[in-house]
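Biologist: I am new to this structure, and I would like to go through its salt bridges with you one at a time.

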Amino acid sequence: MKSRSLMIFLLFVGYAVVYIDKTVIGFALLPIEKEFNLKPEQLGYITGVFFLAYSLFQIPAGWLNDRVGFKKVLILSLFMLGGFALCFGLLGFGFGLLVAFRFLAGVGHSGYPTSCAKAVVANFPLEQRTFAQSILLSSAGLAMTAGPLIAVYSLDSLGWRGSFSVLGILAFVIAICIVIFVPKSPQALTPKPASASGCYRALLRNPIVLLLFVSIFCINIPSYGLMAWLPKYLVQQRGMSLDISGLVVATGGLGIWISSLVTGWLVGRYMQGKEPKVVFFSSMLSALCIWMVYTTTSALTAGLFLFLGYIFLMASFVTVFTLPMKRLPADVMGAAMGIINTGGTLGGFVAPIAMGYLITVTQSYFSTFIFLALAMVVSGLVILPLARRSRTLLRDAA
């Protein structure tokens, strides 16, 4: 029990660094824009190309997890993240280099969620997996609560280059701790069943996995779209200072943190078989709150609606993300989570680039918030086919 707690703690800290990296880039776009005189669509590419790499390498990372074990993939992911964060800060002297280093950082990130999911499945019984995974996902809340405050302070003290350099060193430290303290992957020590490759191919054709893929794709459009563009919107369109915008974004992170833990406990304990309904209602409420963030001009009410919006958004995300962990075979869990999480990372790729172009074309943020709210509506609607027979359908998917 003690070793499992230590493992979850280290994975949680690693996840927090992964999410802080995604949070800091949204604030770093402001000085990067000034230094290189970049257009909104170019800023969108710096953020979006990270998620393109993340998406392209999700399935290979899942495949690698099923064959070499989660520990090796965790270590490789963190070393790549740290190395290319350092390169971004120390060697990013032009638009092309910035894009290249963010792409390579995305390759490193791609292995982390799938290997964490594999670690949870390998070390926790079925009834504890949702809560264990929700603890890891709650690191997004910590990153988005503390991340904006850290980003504002770090950018002011170290500049954007120094901030990413420190982030890279921190990733190295966590990777070394995982080398020392996290146990080896049990799956890596035993031969894979002969049927595993057949199950893996079946997952790629399964309509249930496809629905989860589309739902998490839509959920992550507002999740990462707001992360990338909200600080810039609050400063340039609402006239807030960087400090105040950081506090507003931090309230959203607090909502993520609370929702991750509460949703994991509630769904795991009381809503088995009702997960699609949780996703539908949470997505509709999140869409409404996201739109209200745009309509308000007050920092206080913007923070309140962002807090509520992220509570409901994260309720949808945690439910979709943990659903396969309770229904799919452990020997293909890395591959399954790689496929589904690819949908999420594609959402992260599409959102900042699409928002950059919408801002350039319309010269306002009105269309971007419509885009984000509609994505949440679709994420809830697409999951409804699973509502009536979710248990049977997801068991068939296995």
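Modeller: Let us begin with D21, which is buried at a relative accessible area of 0%, where buried means under 20%, exposed over 50% and partly exposed in between, with a 1.4 Å probe and protein chains only. This is a predicted model, in which local features need pLDDT of at least 70, side-chain atom pairs count only at pLDDT 80 or more, and totals for chains, interfaces and linings use all residues. Residues are numbered from 1 along each chain as its sequence is written, and side-chain values use heavy atoms, with hydrogens and water left out.

Biologist: Which residue forms a salt bridge with D21?

Modeller: A salt bridge is a side-chain nitrogen of Lys or Arg within 4 Å of a carboxyl oxygen of Asp or Glu. For D21 the closest N and O atoms are 3.0 Å apart, and the partner is R102.

Biologist: How many residues apart in sequence are the parts that this pair ties together?

Modeller: Helices are DSSP runs of H or I with at least four residues, numbered from the N terminus. R102 lies in helix α5 (residues 95-123) and D21 in helix α1 (residues 2-36), so the parts tied together are separated in sequence by 81 residues.

Biologist: Is E35 buried or partly exposed?

Modeller: E35 meets R161 in a salt bridge, at 3.0 Å from N to O, and the pair links helix α1 with helix α7 (residues 139-181), 126 residues apart. With a relative accessibility of 41%, E35 counts as partly exposed.

How values were computed. Helices (H or I, at least four residues) and strands (E, at least two) are DSSP runs, numbered from the N terminus.
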